Amino acid sequence: MKMVIAIVQDHDSQRLADRLTKNDFRNTKLASTGGFLRAGNTTFLCGVEDARVDELLSLLDDTCGNREQTVAPVTPMGGNADSYIPYPVEVEVGGATVFVLPIEQFERF
Ligand code: 2BA
Ligand code: 2BA
């Protein structure tokens with residue numbers, strides 16, 4: 001079994017959640033924040049059988065498209081402004097940042 005962690009744009013998250021569930025990939029969706037843009041994104045955790053990892057990766061690839069976006073980063077709330085970028089930047093966002101981790105043990109209590 002593997003744990004697939006996929007960080008995707010909020011924009012794609014509802015469609016991805018629907019497709020995962022429809023294709024019988026159990027998943028957990030977390031609200032997350034990117035360290036660079038400090039904007040919300042969505043992290044999916046999917047524990048999946050080894051034999052279905054490739055199918056899951058294809059689904060992620062199909063569902064989450066890449067695009068360029070100009071963003072004006074938000075002033076950090078309450079704190080560390082050291083790495084704050086005060087001007088709009090053009091970045092390529094979307095797609096999915098995916099990590100595939102081995103699972104040592106899986107239990108449901
Ligand atoms: P953010 O950290 O907010 O980054 C958003 C996008 O900004 C990135 O898209 C990338 O195109 C750009 N970017 C990030 N850091 C940069 C830098 N130091 N210099 C220039 N451009 C930079 P993605 O690479 O598609 O990443 C989307 C989100 O996935 C990230 O949001 C972060 O939340 C997560 N992520 C990406 N790589 C990660 C990693 N190695 N570990 C954990 N999370 C990661
Ligand atoms: P949910 O996805 O909202 O699922 C709630 C409960 O619905 C599940 O309880 C299970 O009893 C049932 N269920 C979910 N998907 C099903 C399916 N395809 N067919 C039949 N029944 C289904 P739990 O199995 O105790 O899971 C509780 C929560 O743990 C899940 O909430 C999900 O957030 C997370 N989870 C479970 N398995 C996961 C996995 N393989 N990867 C990631 N997250 C998982």
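**Cysteines and nonpolar cores**

The structure holds zero disulfides. This is a predicted model, in which local features need pLDDT of at least 70, side-chain atom pairs count only at pLDDT 80 or more, and totals for chains, interfaces and linings use all residues. Residues are numbered from 1 along each chain as its sequence is written, and side-chain values use heavy atoms, with hydrogens and water left out.

Biologist: What makes C46 count as buried or exposed?

Modeller: Buried means under 20% relative accessible area, exposed over 50%, and partly exposed in between, with a 1.4 Å probe and protein chains only. C46 has 3% relative accessibility, so C46 counts as buried. C64, at 4% relative accessible area, is buried by that definition.

Biologist: What makes a set of residues a nonpolar core?

Modeller: The members are buried Ala, Val, Leu, Ile, Met, Phe, Trp, Tyr and Cys residues, joined through side-chain atoms within 4.5 Å. The largest such core has 15 residues, and L16, L20, F44 and L56 touch the most other members.

Biologist: Which elements each supply at least two residues of this core?

Modeller: They are β1 (2–9), α1 (10–22), β3 (40–48) and α2 (53–63); helices (H or I, at least four residues) and strands (E, at least two) are DSSP runs, numbered from the N terminus. The largest share of this core, four residues, comes from α2.

Conventions. Chains are lettered from A and ligands numbered from 1 in the order in which they are written. A disulfide is a pair of cysteine sulfur atoms within 2.5 Å.
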